Amino acid sequence: MGSDELRIGTAEREEAARLLADHFGMGRITPDEYETRVTDAYAATTLGDLRPLFRDLPQPHPGFFGVPPAPPYPQNTAPLPVYGPDPYAPPVPVPYAPSMPMPYSPRSKTVAGVLQIVLPFGVGRFYTGQTALGVAQLFATFCTGVGVLWPIIDGIVLLVNGGSDAEGRPLRP
């Protein structure tokens with residue numbers, strides 16, 4: 001018994017109808033051809049009844065037809081020449097260059113912090129070269145009575161965490 005004489009079931013008929021709908025959606029067959037082929041697919045009883053419905057259509061064909069025949073022409077398996085870098089190659093990692101350490105400022109965080117606490121009107125910020133911040137603290141201290149807390153808290157932060165000078169260099173410990 002040949003493979004075309006094998007009986008098919010509902011699953012095979014539905015798969016054939018679904019694939020015909022895909023071909024219809026791609027514009028390969030007209031609406032009249034689609035209706036005729038789907039009607040024939042649901043009326044089919046053997047594989048031989050379904051094969052002619054896909055004979056003039058490209059892949060995809062139903063999977064139960066088996067492996068498609070080999071192409072009549074030989075396949076070229078030689079790799080294509082590559083001109084220049086491969087555009088599909090993954091990127092090459094760049095070696096990590098550690099950043100240079102930032103040089104310390106000639107100013108000391110201890111001196112700046114103590115000046116902020118002892119003279120609480122921005123003197124420590126004038127010492128570090130941050131004159132705009134020093135003027136703001138001076139203005140807050142003399143214009144408001146509560147403004148004296150800002151330089152004191154800033155001095156404590158300078159002593160604990162350090163800070164930076166006007167050029168962005170860290171203050172010396």
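Is Asp154 buried or exposed at 11% relative accessibility? Asp154 counts as buried, the term buried meaning under 20% relative accessible area, exposed over 50%, and partly exposed in between (1.4 Å probe, protein chains only).

1. Basis of the note. The model is predicted: local features need pLDDT of at least 70, side-chain atom pairs count only at pLDDT 80 or more, and totals for chains, interfaces and linings use all residues. Residues are numbered from 1 along each chain as its sequence is written, and side-chain values use heavy atoms, with hydrogens and water left out.

2. The pair Arg125 and Asp154. These two side chains form a salt bridge with an N to O distance of 2.7 Å; a salt bridge is a side-chain nitrogen of Lys or Arg within 4 Å of a carboxyl oxygen of Asp or Glu. Arg125 belongs to helix α5 (residues 123–128) and Asp154 to helix α7, so the pair ties together parts that are 29 residues apart in sequence. Helices are DSSP runs (H or I, at least four residues), numbered from the N terminus. Arg125 is buried, at 9% relative accessibility.

3. The surroundings of Gln116. Gln116 is part of helix α4 (residues 109–118) and is buried, its relative accessible area being 0%. A polar atom of its side chain lies 3.4 Å from the backbone nitrogen of Arg125. Leaving out residues up to four places away in sequence, Gln116 touches several others, including Arg125, Gln137 and Asp154; contact means heavy atoms within 4.5 Å.

4. A salt bridge within one helix. Arg37 and Glu33 form a salt bridge, their closest N and O atoms being 3.9 Å apart. The two residues are 4 residues apart in helix α2, and are therefore separated by about one helical turn. Arg37 is buried, with a relative accessible area of 11%, whereas Glu33 is partly exposed at 31%. Asp56 joins Glu33 and Arg37 in a network of salt bridges.

5. The nonpolar core. The largest nonpolar core has 14 residues, and those with the most contacts inside it are Leu20, Ala41, Leu50 and Phe54. Such a core is a set of buried Ala, Val, Leu, Ile, Met, Phe, Trp, Tyr and Cys residues joined through side-chain atoms within 4.5 Å. Helices α1 (10–25), α2 (31–43) and α3 (47–54) each give two or more residues to this core. Beyond its neighbours within four places in sequence, Leu20 is in contact with Arg37, Ala41 and Phe54, among others.

Definitions and conventions:
Polar contact = N/O pair within 3.5 Å; in protein donor to acceptor, adjacent residues only side chain to side chain.
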